[in-house]
Amino acid sequence: MTGLNVARKLIESHLVKGNMAPQSVIELKIDQVLSEDATGTLVMLELEALGARQVKAEICAQYVDHNVLRADHKNGDDHVFLQSSCRNYGIWYSRPGNGISHPVHMACFGIPGKTLLGGDSHSCAAGSLGMLGIGAGGIEVALAMMGFPLSLVMPTILGVRFEGELQPWVSAKDVILELVRRYTLRGCWNKIVEYHGPGLANLTAMDRHVIANMGQEMGAVTSVFPADDQVRLFLRQQSRENDFVELLADKDATYDEVATLDLSKIEPMIACPSRPDKVVKVREVEGRPVSQSYIGSSANPGLRDFSIPARMVNGLFVPHEISLDINPASRQLLHELTHNGDLEKLLGAGAYLHETGCGGCIGMGQAPASGHNSLRTVPRNFPGRSGTKEDSVYLCSPETATASALKGKITDPRNLDMDYPVFEEPEHLMDMRSLLEPPQEIPVKVEVRKGPNIKPLPVLEKMLSVIEGPALLKLEDNVSTDDIIPGGADALPYWSNVPELSRFAFSNVDESFYQRALSAKEDIFLIAGNSLGHGSSREHASITLRYLGVRCVIAKSVAGLYRKNLIDHGILILTFCNPSDFDAFSKDDQLQFYDLSSCTGGNKILELRNVTKGIKIWLENDLSQEEIEIIKFGGRINYIKGLLRRSLEDMGSF
């Protein structure tokens, strides 16, 4: 018997049900749960709908990092609602200004060997500490808080061996951009990417965070690193060395798939508009004009990601027509930049300092000017995500962003007339745990305070045996969750208000969708190409569609996170047996399923009638029996309540 890799050790130690055979359904115990304010409001409403009293996971934490811009009462009301809910259920609460959920959670609570489920797709960043961190929709997060295990299909383990050492002016962001270039947005679907090899020795825990964070942009379930001396140093820096647990792959560990990356051969890389996998070498696009360089986000949240730029601009001045935007990732980081003098260097060079949080990464402020290129160290550059509808956003390293700001055009930092700045991690950083509000030892029922913008979850009806209606949209490949429900300063304040938020559904794709959905008197179908719903874990991209009457999505392929969210909100998801049948559909075709009672785990092929075209199309059903029951109940909350009701009836208690 061969040894185990880190990913399989994490799964084996948390396995509640099933076995680790490929494609088997498994259930995992979840130790820690994370939510942020954009997704957390629905999580709290779902806890309420499920009848939760007190959370049961070891650590549950709620962060305020997305909706920190208070243009009116809405975001402030959400914060009050979240804080009072945390007090009610026994959840840690991180106030606005403390920082982005992923690096703050890593600093305060990350422990090797633990599992984490997060209501944010970049929760995979926890893998940098030897954890199994997975992003999920709000219902899954609420259930994990209540102590329910996470169900998923056993992933394939891709082992990526790092060799060599990064050269000057090349950093962890260039590494993950090269991997995203190789694997594309869907190349790692249902895979865990595990990094190993001698090249890890010089990658700090925060370097690993950069790489693990953007594993989601390859479609990976998560990314995993070993817990070694670099992780020990990080926990010592956070005054938590006692939490260190060594977790290494066995010497004879094997992987389902293997790849090798020589770090010494990586060059500065950049993702061109408007997808994270449109990656080229910086020198291939050098010279294109730049008007904004943005440093920050969960994808580059480390101290070195700000200190290196500070030392690059020290004594220099950013041209007046260039905006060098600095978005600190945490209060801890801002404290250290102030203490070590690097903030003074940035401000002296003309940098524009923003408040601590996600900010421009989610389009909450810092939108670029129309018709101008923006270089950003964020994880995604989907169209319009920045807050500017017709944006032109490039993804790059802090070094490339800073060099380009200094020159006013895309610049390979190796061409600067300066030595690569020297940076060493400090031995200790400010302990952030005292900045978070801890849960009460014995939670007392408190008033959950809801402002006027916070609305109850919509009631979702059961699936009928016959559904028929128009194909209201026909979507091409690579439609992201940002395309389905946008972020940004206009839409984000309504993420706790499904009826109002639904007005934004597909607003960047087809502005008429909302009104046409309201006018439809029948069930609504959506037709889509490949990779539907890749990107964010936001369940808002499914619940708003369900609220507007969407009952069935038919696609060539659907991203794993989005597939789960559609099912959790009672939307039937099917794929084409023959992908070329996609071409047989037009927008507004009248479609019809006669008998959905045949949609069972054993019956994998269903017949769809295109009444308008007078043809029949065969569709594939890969739903499990439980998933079919969830859809028939009208969603997971209805399903869980139904199970509870039957259990109480069986006990004679209902």
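Over how many bridges do S1 and strand S2 (residues 25-28) pair, and in the parallel or the antiparallel sense? The answer is given in the first of the following legends, which describe close-up views of a predicted model.

**View A. An open sheet of three strands, in the order S1-S2-S8, has antiparallel pairing.** The edges of this sheet are formed by strand S1 (15-17) and strand S8 (150-153), each of which pairs on one side only, and the twist from one strand to the next averages 45°. S1 and strand S2 are joined in the antiparallel sense over two bridges, and Lys17 has Glu27, in S2, as its bridge partner. Helix H1 packs on the sheet, where it touches S1 and S2, and the direction of H1 makes about 50° with that of S1.

**View B. An open sheet of four strands, in the order S11-S10-S9-S12, has parallel pairing.** Strand S11 (222-224) and strand S12 (257-262) are the edge strands, each pairing on one side only, and neighbouring strands of this sheet are turned against each other by 25° on average, with direction ignored. Between strand S9 (residues 156-163) and S12, the pairing is parallel and runs over six bridges; within this pair of strands, Val160 stands opposite Ala259 in S12.

**View C. Helices H1 and H6 are shown with the strands of the four-stranded sheet.** Helix H1 (residues 6-14) packs on the sheet through contacts with S9, strand S10 (191-196) and S11, and its direction makes about 125° with that of S10. Helix H6 (residues 172-183), for its part, lies across S9, S10 and S12, and runs at about 135° to S12.

**View D. Phe513 is shown within the largest nonpolar core, which has 137 residues.** Phe513, Leu532, Leu545 and Phe593 are the residues of this core that touch the most other members. When residues up to four places away in sequence are not counted, Phe513 touches Leu472, Leu473, Ala505, Phe506, Leu526, Leu545, Leu548 and Val550. Apart from this core lies another, of 36 residues, whose members include Ile176, Val210, Ala212 and Ala299. As general background to this view, nonpolar side chains tend to be buried together in soluble globular proteins.

Terms used: Residues are numbered from 1 along each chain as its sequence is written. This is a predicted model: local features need pLDDT of at least 70, side-chain atom pairs count only at pLDDT 80 or more; totals for chains, interfaces and linings use all residues. Side-chain values use heavy atoms; hydrogens and water are left out. Two strands pair if DSSP finds at least two bridges between them. Axes are lines fitted to C-alpha atoms, for helices over the stretch in contact, and angles run from 0 to 180 degrees between N-to-C directions. Contact means heavy atoms within 4.5 Å. A nonpolar core is a set of buried Ala, Val, Leu, Ile, Met, Phe, Trp, Tyr and Cys residues joined through side-chain atoms within 4.5 Å. Buried means under 20% relative accessible area, exposed over 50%, partly exposed in between (1.4 Å probe, protein chains only).
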